[in-house]
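Subject: Structure handover

Dear colleague,

I am passing on the structure below, and my notes follow it. Please read them with the model open beside you.

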Amino acid sequence: MGKPDAEGHGPADGLPGLPPEWGRVVVPDDASALAAEAAQVRRELHRASGLPGHRALGLPLLVLLVAVLTTLAGLLVVTWPRANRGTDRPTPAPYAPPATLTGQALPALDLVDADDAPVPLRGLLPAMIILLDGCPCPDRVTDALATAPAGVSVVTVTGGRSAPAGPTAQRQARALADPAGGLRAFLNQPARPGAATALLVDRTGTVTRVLPDLGTVESYRNDLSALAA
């Protein structure tokens, strides 16, 4: 069927112009004879073209899955502590006066007596000054009066405009009022219901001790006696 070309290449009974390494190529007269080979070629081409497609689709899916898992983990970390915060309430710190008050000088405050006359607080030193704006605590005042040595004043201070009369005892406390709230501001602590606060101040005007909740005499007897020295 075929003939060699002008240079003598190509088989005599094959297609002209084909490389000699391809060998003998025969074209049948009926194309249906190549149906089986064509189906095999199509299957191989489909298989070869399908594999890269699956790989190309699988990589974005993997990246998307990792991103979703990372986002869910981040949301879990952020929201989990917040759920616990609603049930965990901090324990309130116990009341305590500023430690820096001890050794500080008592400010020059003018309080008022029952006649609304000004009374310089530093003129009553040495003294045990008891703030009664949180509690009248007459028993505590009576105990302090009975324990205070001679020469040491016991001063009660309320937060109103007028000073009440002192308790009945062998000695009388000097009852004053602090309408401006200067003494409470010096303490830098609010009044607490049911508690009386006391300051012990020596004759030089230095605070020697602060009792945020005035208790029994035994808790301050020695400090009170030291004010008379």
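This is a predicted model: local features need pLDDT of at least 70, side-chain atom pairs count only at pLDDT 80 or more; totals for chains, interfaces and linings use all residues.

Residues are numbered from 1 along each chain as its sequence is written, and side-chain values use heavy atoms, with hydrogens and water left out.

Thr 147 belongs to helix H2, residues 138–147; helices (H or I, at least four residues) and strands (E, at least two) are DSSP runs, numbered from the N terminus. Thr 147 counts as buried because its relative accessible area is 17%, where buried means under 20%, exposed over 50% and partly exposed in between, with a 1.4 Å probe and protein chains only. The buried residues of H2 include Val 141, Ala 144 and Leu 145 as well, and among the elements that cover them are strand S3 (127–131), strand S4 (153–158) and H4. Neighbours within four places in sequence aside, Thr 147 is in contact with Val 217, Arg 221 and Leu 224, contact meaning heavy atoms within 4.5 Å.

Of the 5 residues in S6, 5 are buried. Thr 197, Leu 199 and Val 201 lie on one side, and Ala 198 and Leu 200 on the other. In a regular strand the side chains alternate between the two faces of the sheet.

S6 runs antiparallel to S3, to which 5 bridges join it, and two strands pair if DSSP finds at least two bridges between them. In this pairing Ile 130 stands opposite Ala 198. S6 is also antiparallel to S7, with 4 bridges, and there Ala 198 stands opposite Leu 211. S6 and S7 form a hairpin with 5 residues between them, and Gly 205 in that turn has a positive phi of about 90°.

**Loops and backbone**

Asp 213 sits in the loop between strand S7 (207–211) and helix H4 (221–226), and it is partly exposed because its relative accessibility is 44%. Its C-alpha atom is separated by 5.2 Å from that of Thr 197, 16 residues apart along the chain. Not counting residues up to four places away in sequence, Asp 213 touches Arg 192, Ala 195 and Ala 196.

Most residues other than glycine have a negative phi, and most peptide bonds are trans. Asp 116, in the loop between strand S1 (110–112) and S2, has a positive phi near 65°, and it is partly exposed, with a relative accessible area of 45%. Asn 188, in the loop between helix H3 (182–187) and strand S6 (197–201), has a positive phi near 60°, and it is exposed at 58% relative accessible area. The peptide bond from Leu 125 to Pro 126 is cis, with omega near -5°, and Pro 126 lies in the loop between strand S2 (118–120) and S3.

With kind regards
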